Every structure is written in structure tokens, then in C-alpha cells.
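This report is for a reader who is new to the structure.

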Amino acid sequence: MPVEIPVLEKGEITELSKLGYCERAKHIFAKFMTDFSEDELLECAEGAYIGKFENDEPTPIVKLGDNVYMLELWHGPTCAFKDMALQILPHFLVKSAEKAGDGKKTVILTATSGDTGKAALEGFCDVEGTEIIVFYPDNGVSKIQQLQMQTQKGKNVSVCGVKGNFDDTQTAVKTIFTDESIRAKLAENGKRFSSANSINVGRLLPQVVYYISAYADLVAKGEISEGETVNVTVPTGNFGNILAAYYAKQMGVPFGKLICASNANNVLTDFLSTGEYNVNREFFMTESPSMDILVSSNLERLVFELCDKDDGYIIEIMKSLREHGAYCVPDEILSKIKETFAAGYTDDKGAENRIKMLFDEYSYLCDTHTAVAVEVYEKYKEVTGDKTKTIIASTASPYKFPRAVLKAISGMNEPDDFEAAKKIENISGLKMPKQLSELSEKEPRFTKVCERENMAGFVLSTVGGDC
Ligand SMILES: *Cc1c(COP(=O)(O)O)cnc(C)c1O
């Protein structure tokens, strides 16, 4: 993490509101990435966002009713918000490797709850000097998500299913990262590890950009005046997306409450309301699989900020998490959390009803993750009476989860994803993105599934040899 989070100057958001997305991104990155020139940063942003998204303004906002702004982050190559970071991360990495000048190849090791994997594969596909390995929980991702990964093209990519859930997969990947003998083996071969998960700060910065950009867009459109408070609601799993909103707030964007929305795996709802983080609970597989997470990686970074960057304290609570599956923060930290965060959760039924309500009322179709956020926001508004305008992060195309979306809007149970998608097209008139519809004709390349204990072996056999 940066030692200090840079702060925007007065009037800076108004200036940003006059620029396009890539220029805004350059401006914001420059505050953090001081060893890159502005030209380099602009090159990274343009390489990532121009021609790769449906539109050169990659993050459109759709207004629903008086107070709600849906920030659609899924118009990229893999139809989930992960593209916003994972399209640009390879550009950062290649330029950083040039600057480091040690000629080492980078091996990207990634655990995915469904969307990160494909977005990372797409971002790193055939990028010179990199290889990428993705592990996903077998049976823990949607059919479309699995097909997206299994059919990935490229010479430098591998994908493997793991018997276990996402937490098991992510924990095993973190263990591989810190295994000295594996790292030594890689070093012998002129390689080093890096991560495409949100433990990599290169994932978080591009996410900070879209929150600032969204606020600037609302100023530009005259929806708000500069300085007006806006809340942000985020469907949350690993706490990466909402943490980016928190950093944007730290930078001075007038965000009020950050509303953390969870599905039935509501460990964060409990933590943000009681200060106790406890993963000793039932794990649910839901219709919003990318949020089926109990060990939320980036929470550590929030607590780090809130305990005045006391790294000793963080080491202590992370040890407690490893050993007992739980930790508890003191009241000073809990009260800081409550100043900024609100939290809530809903189950599959709540999300399903919300998809239907949005479709009936606004002809707006949203995916199962986004529906969790809207539902939690509506409950928050009801309980608190807080009518502050709200940006809601819309994190995936509804066509990534077509069976659940079809059931929500029509009551139909269609077991086949592609048939379900066709029916949604007929009902809604909205086209399935081509990169998803063409999956029905592609042959899977990667069908291997391994035990957790064999993940390290898979990594070594994939990257150990050639160099
Ligand atoms: C990854 C993901 C989330 C959760 O984001 P975090 O940064 O892990 O909190 C929510 N929705 C979708 C569609 C996702 O892919």
C-alpha cells in the first residue's frame, strides 16, 4: 500500500469532469505511480480501455428513479467488472518489468470465484514475458464462467479446477506464493510470481479511478453539484471493489456511506456491525457465486488504515484468523468503521425479487450480484431514511447468470444457460454479448481438476520446465 493516500485538490473533480475516461485515469494514476511518466500512464489506459469495451467511455451510468445511479462496470471483454482492472494490469506489469530490467518472466497465479479468472486470462493472453495459471473451485462457478475459462485461447495460459470452494483455492494459492522452495525453483528458471487477485494493489488503483470518474460524470451531467455527498453501494466478496471506493473517499471524493452488500455468506455484514470477524460458519453456494467468500482478502487493508497503519496489530489479527478463524477489533476501530460503512445482506430469494422489481418498474435488467446490492440498498434506505443519492456498482452482465435471471423475470426454470439466454433476449429485447453467446460453440481446452494438495505440483509442472 502507498505510505500516504494522495488527496485531490479543491476543484480537481470539476477539472476531471471535463476529460474523457483515459485522461482521468492518467491523472489519478500519476498521483500513486510516481515512477511512471504521464505518457506511459496514458498509454496503459488507452491500451486497456480503447477498443476493448463496447464504448470508449467504458463505465456508463444508468439512472433509476430519483436517487439511484447504476455504475455499469461490465461492458468489457469478459462482461464483469474485473475487466476494469485486469485489462490494464498487464500493461502496468510489462512496463514495470521493463523498468526493473532484470529480464525475468512473470508467472501470474490466480484463484478465482468465477470472474477474476476469465478477466485475468483475457488480460494476460499472449502478453510477452508472462504466463498465467488460474485455479477455480470446481462446482463453485457458473456454467458460463467455467466455459469462459476452459475455452480461453493463448500460448501462455493454463486453467485448472480444484476440488474445494473458493476460500480453499485462494488459501492454497497464497500458500504457494509464500513457499520458499517453489519460489527458488521459479527463480532458477528466471521467473517470479505475481498475482492478478485483488491482493495486488494494481487491481485496486484502476477501481479507484472508476469511482472518481463516476462522481465526475454526475457533476458533468448536472446530476449533482461538486461537493454534494453521494453514497456508494457495492456487492462485496473479497472487499476489493468497496475498498477502492473507500480509497476514493480518503482521496477526498465526497462519498458518504459506503454500503457493503453481501449474499447469504454474510461474514462482512456481521463484522462491519459488531467488530467480530468469524469464518466458523456454514458456507453457502448461492446464485451470486463471485461473492461466495468467507475469508475476505482486502479487509486486512481496511483495518490497516483504521488502526493507524499498525502492522504489528495486523500481523496479530491475521494470525488469529489463521489459527482460530476469527478476530475481534476494539471499539475505537468499530466506531470508525460505523462512521463510514453500513452493511446488509440478502439471500437468493431477495435478489431474485429485486431483479423482477427492477425489470417490471424500469425495464432494467441486472445480474444476481448487482441485485444483491440494490436489495441491500433499498433495505438500508427503508431502515435509515437516508435518501442521499447513491451510486450502485453494477458488477456483471445479466447474461453471465442467465438461468437465475430468467427465473427471476419470468418464473421459468430453464436448465440450459444458452436457452435461458435466448428466452431473456425475447422477453427483454436486450442482446446477449457476442463473447458470451459464442461460447456455446467452443470446445473446452482445459478440463483438468485437481485436489488442493496437488495445486503446487500443477504450478511446477506448468512453469518449471521451459525457460
Ligand atoms: C468479484 C465480483 C464481486 C465481488 O467483488 P470483490 O471485489 O471481491 O468484493 C461482485 N460481483 C461480481 C459480478 C464479481 O465478479
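## Terms and basis

Two strands pair if DSSP finds at least two bridges between them. Strands (E, at least two residues) and helices (H or I, at least four) are DSSP runs, numbered from the N terminus.

The model is predicted: local features need pLDDT of at least 70, side-chain atom pairs count only at pLDDT 80 or more, and totals for chains, interfaces and linings use all residues. Residues are numbered from 1 along each chain as its sequence is written, and side-chain values use heavy atoms, with hydrogens and water left out.

## The sheet

Five bridges join β3 to β6, and these two strands run parallel. K105 has K191 as its bridge partner in β6. β3 (residues 105–111) also pairs with β4 (residues 130–137), in the parallel sense and over six bridges. I108 is partnered by I132 of β4, and T110 stands opposite V134. Six of the seven residues of β3 are buried (under 20% relative accessible area, with exposed over 50% and partly exposed in between; 1.4 Å probe, protein chains only).

The open sheet as a whole has five strands in the order β6-β3-β4-β5-β13, with parallel pairing. Its edge strands, β6 (191–195) and β13 (449–450), each pair on one side only.

## Helices on the sheet

Helix α6 (residues 115–124) lies across β3, β4 and β5 (157–162), and runs at about 165° to β4. Angles run from 0 to 180 degrees between N-to-C directions, and axes are lines fitted to C-alpha atoms, for helices over the stretch in contact. Helix α8 (residues 166–177) packs on the sheet and touches β3, β4, β5 and β6, its direction making about 155° with that of β3. Contact means heavy atoms within 4.5 Å.

## Nonpolar cores

A nonpolar core is a set of buried Ala, Val, Leu, Ile, Met, Phe, Trp, Tyr and Cys residues joined through side-chain atoms within 4.5 Å. The largest has 81 residues, of which Y211, F239, F255 and Y327 touch the most other members. Helix α10 (residues 201–220) supplies the largest share, twelve residues.

Another core, of 37 residues, lies apart from it and includes V372, A373, I409 and I424.

## A helix pair

Helix α16 (residues 348–362) packs against helix α17 (residues 368–384) at an angle of about 90°, with the axes 8 Å apart. α16 and α17 are therefore roughly perpendicular to each other, the term used for 65 to 115 degrees; under 35 counts as roughly parallel, over 145 as roughly antiparallel and the rest as oblique. Among the residues making the contact are G350 and A351 of α16 and T368 and A371 of α17.
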